[in-house]
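Q: I have a protein model open on my screen and would like to learn how to read it. Could you walk me through its features one by one?

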Amino acid sequence: MATAKPHTPIHEMRAFNRFYTNLIGALDYSRHLYVPYTLTESRVLYELAHAPRTDAADLRSELSLDAGYLSRLLAKFERDGLVERAPSTDDPRRQRITLTARGRDAAELLDERSRESVGSLLTDVPAADRARLASAMRTVREILEDGRGRRTRRERHESAADVTLREPGPGDLGWIVQRNAAVYAAEFGWNTDYEGLVARIVADFAQDHDPHLERVWIAEFDGRPVGCVMCVRDEAPGTARLRLLLVEPAARGLGIGDRLVAACVEFARGVGYRELTLWTNDVLESARGIYQRHGFVLVAEKPHRSFGADLVGQDWLLPLHERPS
């Protein structure tokens, strides 16, 4: 007589893996998303489109791929006109991989199909459970990432030192709109209403802003934008508003969010604002932690339904007449 298997962590993780790979169609990924790429090929294209580093060695390390397999996969992409390969400018011994225009189109198609697929999954989840689901998934990811210890402290420090903050250049404002929409759709299932909001905020800034009192920062790593934040005038006299803080998922853990918020706070204080305010939502736990570290305090909360989700909006405030302790 067979005995029931104990519900150990290993048993539960294997059960979850079988359930989830079946749910997302991982075993027949190309048919599931109606694209000519396997799950591994799709993931490599995603990393090339979004990750800060695109050397072959970094791809191999990030995705834990066999060197020979990755080399064959990249050779296939090169034959199909999706990527270009050349020696790295930093180290000729390393091979730099960049997407061609055709490759970026393929990556964007995959991103769009993936968002649609996840969105269809979420339609079967009651609205009241979606925030709980997202929070549970984020908890699983954070626990396992901490356990794996992907980067040593030294590697994190060296990577963080390579991040620069700069003013936006041509195309950067469009990047802010596109990446806000894509990241929040992927992580929280937000719909295009959020993209419309971001587009209006960015368009208002581009059309009419006072460069002495308003500013945008782009965080750049390895020649690519990986984060952003805005400081704009609020309707209340003497008040500035922090808006659109974003850090690319692949660049998190380098302190970029803290640097962006610090730059915004110092700018607002330096030009004479009396206080800095912001509006966010309770599901953005990492961002709220950053705001708290810089002295922001929660002053109001209100449930609302926006971007296709039930959320709790939060108003945060930082007085600027004295530095936070």
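Q: How many cavities of 30 Å³ or more does the structure hold?
A: Let's begin with the idea. Rolling a probe the size of a water molecule over the atoms shows where empty space is left. This is a predicted model, and it holds 1 cavity of 30 Å³ or more. The largest cavity contains about 80 Å³ of space.

Q: Which residues line the largest cavity?
A: Its lining is made of Ala 127, Arg 130, Ala 131, Ala 134, Phe 188, Trp 190, Val 283, Ala 309, Asp 310 and Leu 311. Helix α7 gives the most, with 4 residues.

Q: What is the volume of the second largest pocket, and where does its lining come from?
A: The second largest pocket has a volume of about 700 Å³. It is lined by 30 residues, and the closest to its centre are Asp 111, Arg 115, Gln 178, Arg 179 and Ala 182. At least two lining residues come from each of α3, α6 (101–122), α9 (172–188), α10 and β5. The largest share is that of α6, which supplies 10 residues.

Q: Let's step back to the whole chain. How many helices and strands are there?
A: The protein has 12 helices and 9 strands. Of its 325 residues, 38% are buried. Among contacts between residues at least 6 apart in sequence, 62% join residues at least 24 apart.

Q: In what order do the strands of the open sheet stand?
A: First, the general idea. Strands of a sheet pair through backbone hydrogen bonds, either parallel or antiparallel. Here, an open sheet of 7 strands runs in the order β3-β4-β5-β6-β7-β9-β8, and its pairing is mixed. Strands β3 (164–166) and β8 (297–306) are at the edges with a single partner strand each, so one side of each has no neighbour in the sheet. From one strand to the next, the twist averages 25°.

Q: Which helix packs on the sheet, and which strands does that helix touch?
A: Look for helix α10 (residues 192–207), which packs on the sheet and touches β4 (215–221), β5 (224–233) and β6 (239–247). The direction of α10 makes about 125° with that of β6.

Q: How many bridges join β7 to β9, and how many join β8 to β9?
A: Strand β7 (residues 275–281) is joined to β9 (residues 309–319) by 7 bridges, and the two run antiparallel. To find this pairing on your screen, look at Thr 280, which stands opposite Gln 314 in β9. On the β8 side, the pairing with β9 is antiparallel too, over 9 bridges. There, Ala 300 stands opposite Asp 315 in β9. The hairpin of β8 and β9 has 2 residues between the strands, and in this hairpin Phe 307 takes a positive phi near 60°.

Q: Now a helix, please. Which residues of α4 are buried?
A: A helix can be read by asking where its buried residues point. In α4 (residues 56–63), Ala 56, Leu 59 and Leu 63 are buried. They cover an arc of only 60° around the axis, so they lie on the same side of α4. The buried residues of α4 pack against α3 (39–50), α5 (67–79) and β2 (95–99). Just after this helix, Ser 64 has a positive phi of about 55°.

Key:
Residues are numbered from 1 along each chain as its sequence is written. This is a predicted model: local features need pLDDT of at least 70, side-chain atom pairs count only at pLDDT 80 or more; totals for chains, interfaces and linings use all residues. Side-chain values use heavy atoms; hydrogens and water are left out. Two strands pair if DSSP finds at least two bridges between them. Axes are lines fitted to C-alpha atoms, for helices over the stretch in contact, and angles run from 0 to 180 degrees between N-to-C directions. Contact means heavy atoms within 4.5 Å. Buried means under 20% relative accessible area, exposed over 50%, partly exposed in between (1.4 Å probe, protein chains only). The arc is that of the directions from the helix axis to the C-beta atoms. On a 1 Å grid over the protein atoms alone, a cavity is a set of points where a 1.4 Å probe fits but cannot get out, and a pocket is an open set with protein on both sides within 12 Å along at least five of seven lines; lining residues have an atom within 4 Å of a point. Grid points are joined across faces, edges and corners, and a volume is the space filled by probe spheres set on the points.
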